[in-house]
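I opened my notebook to look around a new protein fold.

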Amino acid sequence: MLTLSEINIYPIKSLAGISLQSSEIEERGLKYDRKWVLVDESNTFFTQRDFPEMALIKVEIENSELKLQYKRKNIELLIVLFEFEHSKIDNVIIWDDIVKGEFYNKQIDDWFSEIIGIKCHLVKMPESTKRIVDEKYAKNKIVSFADGYPFLIIGQSSLDDLNSRMENPLPMNRFRTNFVFTGGNSFEEDNWKKFKIGGIIFEAVKPCARCVITTTNQETAERLPEPLLTLSKFRKVGNEVMFGMNLVCESTGRVKLGDKIEILTGREL
């Protein structure tokens, strides 16, 4: 039996995540997931790939605001309102996409700039912005500020398999996934096509290529060679290392921990 065991969101791209008991499924991803992003002075996004200390900014959601706290320095708590009078609407560059975003004020920008060490801006994706998923893999689907796809799923058995090959096991938070499930064989998500979590239908569209963020300790921001070193020995496809499956949804609604996962079609069927 396959069972949903974790639900995670990352409201501000590349900052610390939040584990949930349940979440709303929206077309562009889990509610609040990667709804915000940090950009540099050229309005280009950046992540833990460039600044691993971003992992140390803790995020909480309370009512209609984000509460942010930096774990390393004694810096005052920052409140970010969901609804705000934006300083401007401007283009934001994320990978090959250029989309419109709402910019916060200088006080909020300065808080992040002090921690990260460069001048930067916090940006929210408005509902009017429709960032299109790569149509080679999914037609007429939209996504938030996530790298490329609305959802990511990984089986706990897949992580257990990986950890069995390494001297020091790693937690699932290295992979910043939205969904974790228990049951089944290791890497069986590789072979899924369409499936249900509870009553929501998802489609697995592409394996997830992993980057240096997986080598960053999410509690300390320390960066070491694993797990990419081990993954590259048995999960390499071309020049990329794969772990987890990217998803889009065919319906919206709500999922909760303990929901059963039903495989509808597989890639080999």
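Below are my entries, from the overall build to the core.

**Entry: what I am looking at.** I noted before anything else that this is a predicted model. I looked up the secondary structure and found 21 strands and 3 helices.

**Entry: overall size.** I wanted to know how the radius of gyration compares with that of a compact globule. For 269 residues a compact globule would have a value near 18 Å, and the protein has 18 Å, so the two agree. I also checked the C-alpha trace, which spans about 55 × 40 × 35 Å along its principal axes.

Entry: The exposed surface comes to about 12500 Å², and carbon and sulfur atoms supply 48% of it.

**Entry: charges.** I counted 37 positive and 41 negative charges, and their mean positions lie 2 Å apart.

**Entry: contacts along the chain.** I took the contacts with a separation of 6 or more, and 69% of them join residues 24 or more positions apart.

**Entry: the core.** Which residues have the most contacts inside the largest nonpolar core? I found Phe 112, Ile 153, Phe 179 and Phe 202, in a core of 49 residues. Helix α1 (residues 106–116) gives this core its largest share, 5 residues. Another core, of 12 residues, lies apart from it and includes Ile 154, Leu 162, Met 166 and Val 241.

**Entry: a closer look at Phe 112.** I left aside its neighbours within four places in sequence, and Phe 112 still touches a list of residues, among them Ile 12, Leu 38, Ile 57, Leu 78 and Cys 120.

Conventions:
Residues are numbered from 1 along each chain as its sequence is written. This is a predicted model: local features need pLDDT of at least 70, side-chain atom pairs count only at pLDDT 80 or more; totals for chains, interfaces and linings use all residues. Side-chain values use heavy atoms; hydrogens and water are left out. Helices (H or I, at least four residues) and strands (E, at least two) are DSSP runs, numbered from the N terminus. The radius of gyration is taken over C-alpha atoms; the globule rule is 2.2 Å times the number of residues to the power 0.38. Contact means heavy atoms within 4.5 Å. Accessible areas come from the Shrake-Rupley method with a 1.4 Å probe; for residues, only the protein chains shown count as cover. Lys and Arg count as positive and Asp and Glu as negative; His and the chain ends are not counted. The place of a charge is taken as NZ of Lys, CZ of Arg, CG of Asp or CD of Glu. A nonpolar core is a set of buried Ala, Val, Leu, Ile, Met, Phe, Trp, Tyr and Cys residues joined through side-chain atoms within 4.5 Å. Buried means under 20% relative accessible area, exposed over 50%, partly exposed in between (1.4 Å probe, protein chains only).
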